[in-house]
Structure formats: C-alpha cells, structure tokens
Amino acid sequence: MPYCWTYDSVPGAGEWAGTSRCSCSLCVFASRTDVLLSVGRRPRLADLYSEVEQVRGGSFRADWRITDLIRHANTCGAPDPGVVCLDDGPEFTALQEQVRETLKKDPPQGTRDGPAHVLQ
C-alpha cells in the first residue's frame, strides 16, 4: 500500500502524529484517538453522524456516542487535527440531503410511528 497522509498531522509532515491506521473517516473500528482526530478533521461529517444518533436514538458504537466525542474534541484538549476537511462541496451536500430524507422516512429503532424528531 502506498503511504497515506492521514498518518501525519498534516499532509507530507512525515512525523506520524496523525491516525494510527488508515480507514474510513469515522470508522467504528478506529481507536478513540483516531475518532477524535477525525471529528476534528471532518466536523461536518461528525455533525451529520450526531444528527443520525439523535434522530434514531442509537449510538455510533456501543461504548461511544459521536455527540459526546464532538463535545470532548471541542472542550478537552483532543489531538490537533492538523487538517480540516470542510466538506463544503456538492458531494457532501448531496450526502447530507440523502441522509436527512432517509431519516424522515425510516422510524427510529424500536418504534413504528415514525421519526421522533423532524429534521429541518
């Protein structure tokens, strides 16, 4: 596999101060430190995961809620992400719209009456 910049704090730094493994941005198999880095690197994606948690009533992992990890990353000295991906392009906007439409259609887990919250 070719070397990936995610292992560094910033692309090309060469200091291995980034993630411990190369995976999806918010991977359920990642370490807590790696997820905290990803929350800092992709804040809009983390917010979208948090939105899903809140509407569906579930959790990112059995032992972690993205909502709590976002709060931790913002207040408790989480690792410096080094790079922030703004996710401000049309691809992310389309993903966000698809997720929100799906959340409106699918009832939260354990209910049959529809979503507990209405998304704007």
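Analyst: A residue counts as buried under 20% relative accessible area, as exposed over 50%, and as partly exposed in between (1.4 Å probe, protein chains only). The structure shown above is a predicted model, in which local features need pLDDT of at least 70 and side-chain atom pairs count only at pLDDT 80 or more, while totals for chains, interfaces and linings use all residues. Residues are numbered from 1 along each chain as its sequence is written, and side-chain values use heavy atoms, with hydrogens and water left out.

User: What makes α1 largely enclosed by the rest of the structure?

Analyst: Of the 10 residues of α1, 7 are buried, so the helix is largely enclosed by the rest of the structure. The buried residues are Asp34, Val35, Leu36, Leu37, Ser38, Val39 and Arg41. The cover over these residues includes α2 and α3, where contact means heavy atoms within 4.5 Å. Across the protein chain of 120 residues, 34% count as buried.

User: How many helices and strands does the protein chain have, and which pattern do they follow?

Analyst: The protein chain has 4 helices and 0 strands, and along the sequence the pattern reads α-α-α-α. Helices (H or I, at least four residues) and strands (E, at least two) are DSSP runs, numbered from the N terminus.

User: Why is the pair Asp87 and Arg42 called a salt bridge?

Analyst: A salt bridge needs a side-chain nitrogen of Lys or Arg within 4 Å of a carboxyl oxygen of Asp or Glu. The closest N and O atoms of Asp87 and Arg42 are 2.7 Å apart, so the pair meets the definition. A search of the whole structure finds 6 salt bridges.

User: Is Asp87 buried or exposed, and what is its phi?

Analyst: The relative accessible area of Asp87 is 14%, and the residue is therefore buried. Its phi is near 50 degrees, a positive value in a residue other than glycine.

User: Which other residue has a positive phi although it is not a glycine?

Analyst: Trp16 has a positive phi of about 55 degrees. This residue lies in the segment before α1. Trp16 has a relative accessible area of 55%, so it is called exposed.

User: Is α2 roughly parallel or roughly antiparallel to α4?

Analyst: The two helices pack at an angle of about 5 degrees, with their axes 11 Å apart. That angle makes α2 roughly parallel to α4. Axes are lines fitted to C-alpha atoms, for helices over the stretch in contact, and angles run from 0 to 180 degrees between N-to-C directions. Angles under 35 degrees count as roughly parallel, over 145 as roughly antiparallel, 65 to 115 as roughly perpendicular and the rest as oblique.

User: Which residues of α2 and α4 meet?

Analyst: Arg44, Leu45, Leu48, Glu51, Val52, Val55 and Arg56 of α2 meet Phe92, Leu95, Gln96, Val99, Arg100 and Leu103 of α4.

User: Why is the count of disulfides what it is?

Analyst: A disulfide is a pair of cysteine sulfur atoms within 2.5 Å, and by this rule the count is 0 disulfides. Among the cysteines, Cys76 is partly exposed, with a relative accessible area of 46%, and Cys85 is partly exposed as well, at 29%.

User: Where is Arg21, and what does it contact?

Analyst: Arg21 is found in the segment before α1. Its relative accessible area is 33%, so Arg21 is partly exposed. Leaving aside neighbours within four places in sequence, Arg21 is in contact with Tyr7, Cys27, Phe29, Ala30 and Asp34. Arg21 and Cys4 are 17 residues apart in sequence and 9.5 Å apart in space, C-alpha to C-alpha.
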